Amino acid sequence: MKIRSVKLREAHKAANGGTSSFCSILWDLQALHLVTASSSDSSIAIHDPLLPSSPPRILRHHRDGVTALALSPNSTCLASGSIDHSVKLYRFPGGEFQTNITRFTLPIRAVAFNKSGSMLAAAGDDEGIKLINTIDGSIARVLKGHKGPVTGVAFDPNGEYLASIDSIGTVIYWELQSGRTLFTLKGIAPNIGSDTSIMNVLSWSPDGETLAVPGLKNDVVMYDRDTAEKVFSLRGDHVQPICFMSWSPNGKYMATSSLDKQVLIWDVDRRQDIDRQKFDDRICCMAWKPIGNALAVIDDMGKYGVWESIVPSSMKSPTEDIPNLRSKNSNGLLLFDEDEQEASMSGSLSDLGEESHGESELPCRKRLRKQSVFDEYQDEGLHDELNLLPKAEPEKKAYRVHKENSHKAKDGQRSMISTSRTKMQEAFQPGSTPLQHGRRCFLCYNMLGSITTVKQEDYSHIEIDFHDTSRGPRVPPMTDHYGFTVASLNENGCVFANSCKGDKNMSTLMYRPFSSWAINSEWYMRFEGEEVKVVALGTPWVAAVTSLNFVRIFTEGGLQKHILSLDGPVVTAAGFKDELAVVTHVSDCLPSNEQMLEFRVFKISNGTQPFQGRLPLTPGSHLTWFGFSEEGQLSSYDSKGVLRVFTCQYGGSWLPLFSASKEKKSDENYWVVGLNSSKLFCIVCKNPDTCPQVLPKPVLTLLNLSFPLASSDLGEAALENEFLMNNMHLSQIQEKVEAMISKGLDATLLDDEAFDIEAAQDRCILRLIASCCNGDKLVRATELVKLLSVEKSVKGAIQLATALKLPSLAERFNSILEERLHNKTDHAREISLPSSKNDLSAKADVAFSKYLTASGRSEVLDTTIPTSSVRLSAPLFTKKAKLSEEDKLGKQKADQNQTAHMEDNKEANNSDMKNAGQVNSLRDVKKTQNQNLSDPFSKASNNHEEGKKVAEVPQVQSQRPSNPFLKTSSNQEEVKKVGEVTGAQSQRPANPFLKSTIK
């Protein structure tokens with residue numbers, strides 16, 4: 001044996017009585033720091049290896065001994081596990097404490113990061129393994145299958161598997177994507193009993209091909225990554241069981257320590273030791289220096305040191321030809337994909353507490369996988385190392401030969417193979433945040449209020465709050481013994497559900513009304529072997545979408561009313577009044593990693609499905625929020641920050657109304673709460689947070705909705721966006737009007753709203769026309785004029801073109817006006833006067849149009865536009881100055897003469913003459929009464945002379961048009977309304993966006 005001297009320094013005090021402790025040591029990525037810990041010391045020490053005599057930085061946050069350490073791959077985060085049952089995270093190398101990321105019921109024995117650092121595995125004496133999302137602290141999975149304390153965990157470098165070992169010598173292969181047990185290898189490692197100073201450990205080779213496990217013959221046994229078959233072993237001069245092993249960075253060498261206090265250095269390819277060292281105490285942990293030829297060691301007394309020049313200079317350096325695994329991105333859980341950390345964090349919550357007890361091995365299945373999938377991901381470096389593996393078993397040899405041939409056959413296609421495939425998005429509840437043990441989180445947060453929960457050891461505490469206390473009752477807090485994970489809230493009540501639990505794999509649904517005449521009005525439903533994924537509420541129904549792709553619909557009293565089958569796994573769902581919207585997967589993700597989603601809208605009252613179609617997403621994104629606006633418009637929001645609203649236009653389309661990339665700062669994320677017709681309600685989260693904390697109470701931010709317009713040569717993006725928004729609102733109102741008319745309901749209020757939007761749209765169009773005239777976009781100006789709703793708006797556009805000295809454009813505008821009036825007259829002649837109130841109103845409007853054309857008189861105030869100010873801030877609707885009594889009498893006389901002239905030329909029957917006489921008689925009366933009628937869109941001038949002095953934009957008097965949908969008790973009342981309209985000189989405008997309701 002060679003005599004080597006490695007000087008050890010005390011890092012931690014030995015336990016009382018000089019008993020052994022389990023100590024840990026590790027390097028950071030650049031080998032600038034060494035981190036040590038001991039199970040007999042509650043502190044963590046960060047040493048400077050270049051200045052070993054300088055005092056280390058001490059981290060004191062645990063209350064008991066530290067049993068496990070792990071550094072993230074980029075060395076920015078340090079994790080520690082302790083006998084005090086907690087796992088803590090620190091910033092590295094500063095050592096600032098970040099959070100208690102999780103707690104166990106018994107001491108922790110092992111922690112490990114995955115390749116990307118986004119997932120942390122923690123395990124200990126309570127036999128369960130927690131997979132924790134380091135981004136938000138949520139628990140992705142709990143893996144259970146060991147029968148003894150778990151002492152070692154290790155992620156496969158390729159991101160596909162997790163390996164674990166317990167104190168009784170059992171090794172389990174876990175598949176990260178599903179959380180299932182792939183292989184259970186019982187009794188292949190030593191049984192260490194209850195001695196906590198010794199840990200059974202395991203370690204993946206840097207290329208991920210083999211798993212090293214302590215053997216039963218004082219050796220190290222290598223197992224294949226995909227078949228779990230024994231490949232070879234390293235057996236030398238150790239006379240007692242192996243207690244720790246460590247691979248060199250390139251995987252060519254391995255260091256092993258034993259209970260015999262020896263450390264051996266192995267050439268793995270040749271399977272023989274090349275150096276060794278005898279220590280005074282047992283070495284319980286080792287770490288190869290990532291840069292250089294050295295090995296850090298620490299013994300069970302808390303003394304550490306660095307073994308320099310561990311590999312002879314004549315041999316290959318331990319840091320030379322390190323396997324490059326960049327092309328082997330994680331193939332495990334989607335939510336921890338290293339290329340997209342903002343993927344759905346809530347999708348995996350349904351797996352919380354999921355158990356995998358299967359212990360059967362699946363060699364046939366894994367052999368097929370070995371020959372197909374794994375070969376596709378294999379690179380040249382791995383292929384070369386496979387040729388060096390021993391040919392100990394004939395079966396293994398044949399398998400390796402087949403693997404090589406398969407690899408060569410696919411070598412030409414490697415460039416076409418995607419190395420990472422996105423998993424289908426998991427189900428999530430809109431408005432929820434990931435569950436964290438001991439920290440309050442949102443089960444539901446919407447425009448009405450919030451439901452929060454905080455998980456304790458054996459129960460959860462739930463609180464329900466309303467943003468506006470006047471909208472809902474005060475709901476007392478509740479104690480949750482079911483472990484609810486999803487919830488929904490509306491004005492009538494709240495619904496809760498949990499994941500499958502217990503021996504019967506049972507999921508529970510609970511509905512709690514806020515007010516009821518009956519006692520004990522809340523109710524429960526239980527589903528055996530069926531898990532509730534998403535819940536939704538409407539009026540008056542409760543819906544639950546389950547893992548069997550069932551939509552279960554209940555009444556508010558708990559009656560099971562409908563059970564529907566979906567075409568694919570659910571993603572999310574939302575409810576609004578009588579409508580239930582559900583999103584499901586159509587198929588697996590595309591090769592471009594795009595989610596394939598479909599939405600359906602169900603009408604619960606009549607059992608219909610009015611809408612169904614694909615749900616659009618931004619390429620490379622996933623769905624993060626889904627719901628209804630305050631007006632009932634179906635909406636979605638994806639991870640790229642694009643909000644879409646569903647409309648019936650073009651047979652059912654999604655309109656993009658918001659893009660976060662144009663709004664947010666680089667360090668902000670938007671967590672959507674809801675929206676109305678013009679605003680998006682969200683909570684702004686600072687990177688890297690993607691969801692808000694419950695405390696302090698989140699502050700809602702309102703953002704304007706706007707279309708993602710192209711950069712126009714007109715330079716009026718705000719006006720163009722207003723134009724599109726008005727069009728969309730008019731279309732939505734038209735849908736509602738048609739629906740109400742079909743049901744025989746009064747649509748007066750909606751018609752009022754439509755009129756207001758039409759007036760705003762005319763003002764917007766006039767400003768756009770002015771901009772087009774200034775920019776010489778005359779064709780565009782002509783197109784805009786055709787979209788004006790009111791004839792007097794067209795006249796205003798004519799005067800605008802005249803003032804800007806564009807006579808040819810003014811002539812075109814005039815032709816458009818004449819064509820519109822002519823078309824209205826022809827349309828009126830085609831319609832006889834029925835007894836219907838709607839047709840009577842339309843006939844009166846047409847009659848007055850004839851009167852305007854014949855008389856040639858205009859009610860527009862004669863104004864001019866100063867050429868020095870041709871850009872319009874907003875069109876102003878004006879009214880006439882107060883007329884003298886003589887003017888009023890003369891006007892009445894002219895009206896009577898013109899009416900008589902119109903009646904002589906009519907080709908109508910006696911009924912027509914009678915109705916026309918009623919209209920004109922009422923008009924005469926209304927002419928006198930309307931002399932002081934005010935215009936709601938403009939300011940009145942003090943007198944007629946002052947009005948002529950002020951240069952104003954030619955405007956239109958906007959009066960309330962007749963409502964074609966209003967039902968009245970008699971024809972006489974309808975005629976009176978027609979008289980009011982004609983008296984004010986405002987016909988019901990021909991709206992190019994609002995469909996005519998005259999049959």
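**Helix packing, a salt bridge and model confidence**

Helix α5 passes helix α7 in a right-handed crossing, meaning that the near helix is turned clockwise from the far one by less than a right angle. The model is a predicted one, in which local features need pLDDT of at least 70 and side-chain atom pairs count only at pLDDT 80 or more, while totals for chains, interfaces and linings use all residues. Residues are numbered from 1 along each chain as its sequence is written, and side-chain values use heavy atoms, with hydrogens and water left out.

The axes of α5 (residues 748–774) and α7 (residues 791–803) come within 11 Å and cross at roughly 20 degrees; axes are lines fitted to C-alpha atoms over the stretch in contact, with angles from 0 to 180 degrees between N-to-C directions. The two helices (DSSP runs of H or I, at least four residues) are therefore roughly parallel, a label for angles under 35 degrees. Asp762, Leu766, Ile769 and Ala770 of α5 meet Ser793, Ala797 and Leu800 of α7, contact being heavy atoms within 4.5 Å. These residues divide into 5 nonpolar, 1 polar and 1 charged.

The whole structure holds 25 salt bridges, each a side-chain nitrogen of Lys or Arg within 4 Å of a carboxyl oxygen of Asp or Glu. In one, Arg552 pairs with Glu530, with the closest N and O atoms 3.1 Å apart. Arg552 lies in strand β39 (residues 550–555) and Glu530 in the loop between β36 and β37, 22 residues apart; strands are DSSP runs of E, at least two residues.

Mean pLDDT for the chain is 77, on a confidence scale from 0 to 100. Over residues 835–999, pLDDT stays under 50.

Definitions and conventions
Angles under 35 degrees count as roughly parallel, over 145 as roughly antiparallel, 65 to 115 as roughly perpendicular and the rest as oblique. Ala, Val, Leu, Ile, Met, Phe, Trp, Tyr, Cys and Pro count as nonpolar, Asp, Glu, Lys and Arg as charged, and the others, Gly among them, as polar. pLDDT is the predictor's confidence in each residue, from 0 to 100.
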